[in-house]
Amino acid sequence: MARPGGAYGKPMSNEVESAQQELVEEFAFFDDWMDRYQYLIDLGRRLPEFPEEFRNDEHRIRGCQSQVWFTAMRGDDGRLVFQAISDAAIVSGLIAVLLRIYSCLLYTSPSPRDELADLVC
């Protein structure tokens, strides 16, 4: 599903909320917390292959106990595409959740770094 950008290049909140609601419903399907953890791990296992060229210190997130590599680039259509991976199963699952919510949104800032600042701030 395409997610258009909002005013000033920020993602439309209803698109983010829609992705969040889908995830809430998926996790609500499981009655047991262990099943939810397993589903989170499964989401992480289904992450696309992370390019070896980005598995370096420049793309490593510091301060994590596990190894996490992250990159952001703008697609040909102007959408900001995030890629990330971890060496830990649960962290990879958490990454999958975040990518599902925030990746492929349309932004208008000149650089992915500016977009990341907008998401974090």
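The dialogue below reads features of one predicted protein model in turn.

Q: Which pLDDT limits apply to this predicted model, and how are residues numbered?
A: Residues are numbered from 1 along each chain as its sequence is written, and side-chain values use heavy atoms, with hydrogens and water left out. The model is predicted: local features need pLDDT of at least 70 and side-chain atom pairs count only at pLDDT 80 or more, while totals for chains, interfaces and linings use all residues.

Q: How many helices and strands does the protein have?
A: Helices (H or I, at least four residues) and strands (E, at least two) are DSSP runs, numbered from the N terminus. Here there are four helices and three strands. Along the sequence they follow the pattern α-α-β-β-α-β-α.

Q: What share of the residues counts as buried?
A: Buried means under 20% relative accessible area, exposed over 50%, and partly exposed in between (1.4 Å probe, protein chains only). Of the 121 residues of the protein, 36% are buried. The accessible surface, from the Shrake-Rupley method with a 1.4 Å probe and, for residues, with only the protein chains shown counted as cover, comes to about 7,800 Å². Carbon and sulfur atoms hold 56% of that surface.

Q: How are β1 and β2 arranged, parallel or antiparallel?
A: Two strands pair if DSSP finds at least two bridges between them. β1 and β2 run antiparallel and are joined by seven bridges. Together they form a hairpin with four residues between them, and Gly78 in the turn has a positive phi of about 90 degrees. One of the bridges can be located by its residues: the partner of Val68 in β2 is Ser86.

Q: Why is β2 described as largely enclosed?
A: Strand β2 (residues 79-86) has six of its eight residues buried, so the rest of the structure largely encloses it.

Q: What does Ser66 contact beyond its sequence neighbours?
A: Contact means heavy atoms within 4.5 Å. Ser66 sits in the loop between α2 and β1 (68-74) and is buried, with a relative accessible area of 16%. Leaving aside neighbours within four places in sequence, Ser66 touches Ser86, Asp87, Ala88 and Val91. For the protein as a whole, among contacts between residues at least 6 apart in sequence, 51% join residues at least 24 apart.

Q: Where is Leu40, and which residues is Leu40 in contact with?
A: Leu40 belongs to helix α2 (residues 33-45). At 10% relative accessibility, Leu40 is buried. Outside the four places on either side in sequence, the contacts of Leu40 are Phe27, Ile90, Gly93, Leu94 and Val97. Leu40 and Ile95 are 55 residues apart in sequence, yet their C-alpha atoms are 9.6 Å apart in space.

Q: What span does α3 reach, and which of its residues are buried?
A: The expected span of a helix is 1.5 Å times one less than its number of residues. α3 has 14 residues and reaches 20 Å from its first C-alpha to its last, close to the 20 Å expected. The buried residues of α3 are Ser92, Gly93, Ile95, Ala96, Val97, Leu99 and Ile101.

Q: What follows α3 in the chain, and what does the side chain of Ser103 reach?
A: Ser103 lies in the loop between α3 (89-102) and β3 (105-106), and is buried at 8% relative accessibility. A polar contact is a pair of N or O atoms within 3.5 Å; within protein, one must be able to donate a hydrogen and the other to accept it, and residues adjacent in sequence count only if both atoms are side-chain atoms. The Ser103 side chain reaches the backbone nitrogen of Phe82 at 2.9 Å. Just after α3, Cys104 takes a positive phi of about 70 degrees.

Q: How many salt bridges are there, and which residues does Arg100 link with?
A: A salt bridge is a side-chain nitrogen of Lys or Arg within 4 Å of a carboxyl oxygen of Asp or Glu. The count comes to five. Arg100 pairs with Glu26, with the closest N and O atoms 2.3 Å apart. That pair links distant parts of the chain, Arg100 in helix α3 and Glu26 in helix α1 (residues 13-28), 74 residues apart. Arg100 is partly exposed at 25%, as is Glu26 at 24%. Glu22, Glu26 and Arg100 are linked in a network of salt bridges.

Q: Where do Arg45 and Asp42 lie relative to each other?
A: An α-helix has 3.6 residues a turn, so residues three or four places apart point the same way. Arg45 and Asp42 both lie in helix α2, three residues apart, about one turn. Their salt bridge has its closest N and O atoms 3.5 Å apart. Arg45 is exposed at 62%, whereas Asp42 is partly exposed at 26%.
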